[in-house]
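Hi,

Here is the structure I said I would pass on. Have a look at it first, and my notes follow below.

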Amino acid sequence: MTESYEVIVVGGGAAGLSAALVLGRARRRTLVVDAGEPRNAPSAHMQGFLSRDGMAPAEFLAVGREEIARYGVELVRDRAVDARRAEGFLVTLASGRTVRARHLLVATGLRDELPDVPGVAERFGRDVLHCPYCHGWEVRDQAFGVLATSPLSVHQALMVTQWSKDVTLFLHTVAESELTADDLRRLGTAGVRVVPGEVAGLVVEDDRLSGVRLADGTVHAREAVFVAPRAVPQTDLLERLGAELRDTPFGAYPVIDERGQTTVPGLWAAGNASGFAEQVINAASRGYRAGAAINGELLFADLDAEAGV
């Protein structure tokens with residue numbers, strides 16, 4: 001038996017829960033499908049969310065689940081493995097359950113692919129970091145390393161100098177010849193040291209990062225390392241449903257309007273499924289906006305249908 005809802009939200013992170021909260025309060029029968037794999041799970045805390053600064057991501061999500069439950073929103077721990085358009089949207093879950101809705105919001109986020117350097121994955125979210133706005137204050141004035149994953153890592157190295165004046169850019173697999181004259185000028189002005197050579201791994205002592213080891217055996221003492229993971233948008237459902245995507249330096253993301261609606265009527269995207277730079281507070285805002293817009297679309301569609309328009 002296929003159960004019907006007015007809205008299905010795929011993804012139970014900040015964007016999905018925020019949308020579900022709005023929809024629940026608008027008395028819409030809503031289902032949240034949550035695979036339980038939040039992007040920020042490795043982090044012990046999240047920052048920059050007014051009134052929730054320093055809160056653990058797991059606690060934030062637990063509070064959000066409690067809030068949507070107050071308004072009758074159903075949440076199921078499952079994975080959406082397929083979707084097709086059929087009198088709205090028909091979504092198939094990994095458990096074998098099929099559910100239908102008039103509108104579908106995809107808030108499945110993205111996955112971080114880290115460089116294959118020993119120690120990076122193990123320390124990620126602790127003293128291997130990606131976002132200075134998220135973690136810079138906590139490691140301020142420490143000895144920073146920046147592990148280059150592309151010439152764009154120069155930008156990251158320059159940004160983190162706002163939090164420490166002791167910054168070393170490890171070029172790793174990036175050739176010095178790939179840096180522009182402007183890159184070198186800015187790095188020099190900011191006082192960033194540039195170290196060529198491949199990074200072989202991180203040095204950890206007493207469960208704390210203490211250095212970066214190059215392939216030639218040289219060790220540079222560092223206390224925190226910033227790295228830019230390769231972003232892999234989780235847009236499979238959007239692609240299956242025919243949503244138009246746009247290429248960006250950080251992957252392919254859906255073309256959406258200011259409310260979050262894709263090029264497919266009734267199909268929406270929010271959070272990191274809609275763009276690379278959506279921090280938790282931005283994702284929650286996007287979800288709120290999409291939830292309100294979906295409710296309006298449903299309301300006026302029903303009024304027009306009742307009036308025979």
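What volume does the second largest pocket have? It comes out at about 350 Å³, and bear in mind that this is a predicted model. Of its 16 lining residues, Leu21, Phe49, Phe60, Glu67 and Ala284 are the closest to the centre. By class, the lining of this second largest pocket splits into 11 nonpolar residues, three polar and two charged. H1, H2 and H8 each put at least two residues into that lining, and the largest share, five residues, comes from H2.

Phe60 turns up again in the packing. The largest nonpolar core has 26 residues, and Phe60, Leu105 and Ile294 touch the most other members. Strand S1 (3-10), helix H1 (14-25), helix H2 (57-69) and helix H8 (280-306) are the elements that give two or more residues to this core. Another core lies apart from it, with 23 residues, including Val91, Leu104, Leu267 and Ala273. As for Phe60 itself, if you skip the neighbours within four places in sequence, its contacts are Ala14, Met46, Phe49, Met55 and Val280.

Now the overall picture. The chain has eight helices and 19 strands. Its C-alpha atoms fill a box of roughly 75 × 35 × 35 Å along the principal axes. There are 309 residues, of which 47% count as buried. If you take contacts between residues at least 6 apart in sequence, 61% of them join residues at least 24 apart.

I also went through some loops. Gly271 sits in the one between strand S19 (267-269) and H8. Is Gly271 buried or exposed? Its relative accessibility is 3%, so Gly271 counts as buried. Leaving out residues up to four places away in sequence, Gly271 touches Ala15, Glu278, Ala283 and Arg286.

Thr161 is in the loop between helix H5 (153-159) and strand S10 (167-170). This residue is buried too, because its relative accessible area is 11%, and the cut-off for buried is under 20%. With residues up to four places away in sequence left out, Thr161 touches Val167, Ala190 and Val192.

Leu50 is another loop residue, found between strand S2 (30-34) and H2. Here the relative accessibility is 73%, so Leu50 counts as exposed, given that exposed means over 50%.

Last, the cysteines. How many disulfides does the structure hold? The count is zero. Cys131 has a relative accessibility of 6% and therefore counts as buried. Cys134 is buried as well, with a relative accessible area of 15%. For another distance to check, the C-alpha atoms of Cys131 and Gly271 are separated by 17 Å, and the two residues are 140 apart along the chain.

If you start anywhere, I would start with Phe60, which is among the residues closest to the centre of the second largest pocket and among those touching the most other members of the largest nonpolar core.

Cheers

Terms used
Residues are numbered from 1 along each chain as its sequence is written. This is a predicted model: local features need pLDDT of at least 70, side-chain atom pairs count only at pLDDT 80 or more; totals for chains, interfaces and linings use all residues. Side-chain values use heavy atoms; hydrogens and water are left out. A nonpolar core is a set of buried Ala, Val, Leu, Ile, Met, Phe, Trp, Tyr and Cys residues joined through side-chain atoms within 4.5 Å. Buried means under 20% relative accessible area, exposed over 50%, partly exposed in between (1.4 Å probe, protein chains only). Helices (H or I, at least four residues) and strands (E, at least two) are DSSP runs, numbered from the N terminus. Contact means heavy atoms within 4.5 Å. A disulfide is a pair of cysteine sulfur atoms within 2.5 Å. On a 1 Å grid over the protein atoms alone, a cavity is a set of points where a 1.4 Å probe fits but cannot get out, and a pocket is an open set with protein on both sides within 12 Å along at least five of seven lines; lining residues have an atom within 4 Å of a point. Grid points are joined across faces, edges and corners, and a volume is the space filled by probe spheres set on the points. Ala, Val, Leu, Ile, Met, Phe, Trp, Tyr, Cys and Pro count as nonpolar, Asp, Glu, Lys and Arg as charged, and the others, Gly among them, as polar.
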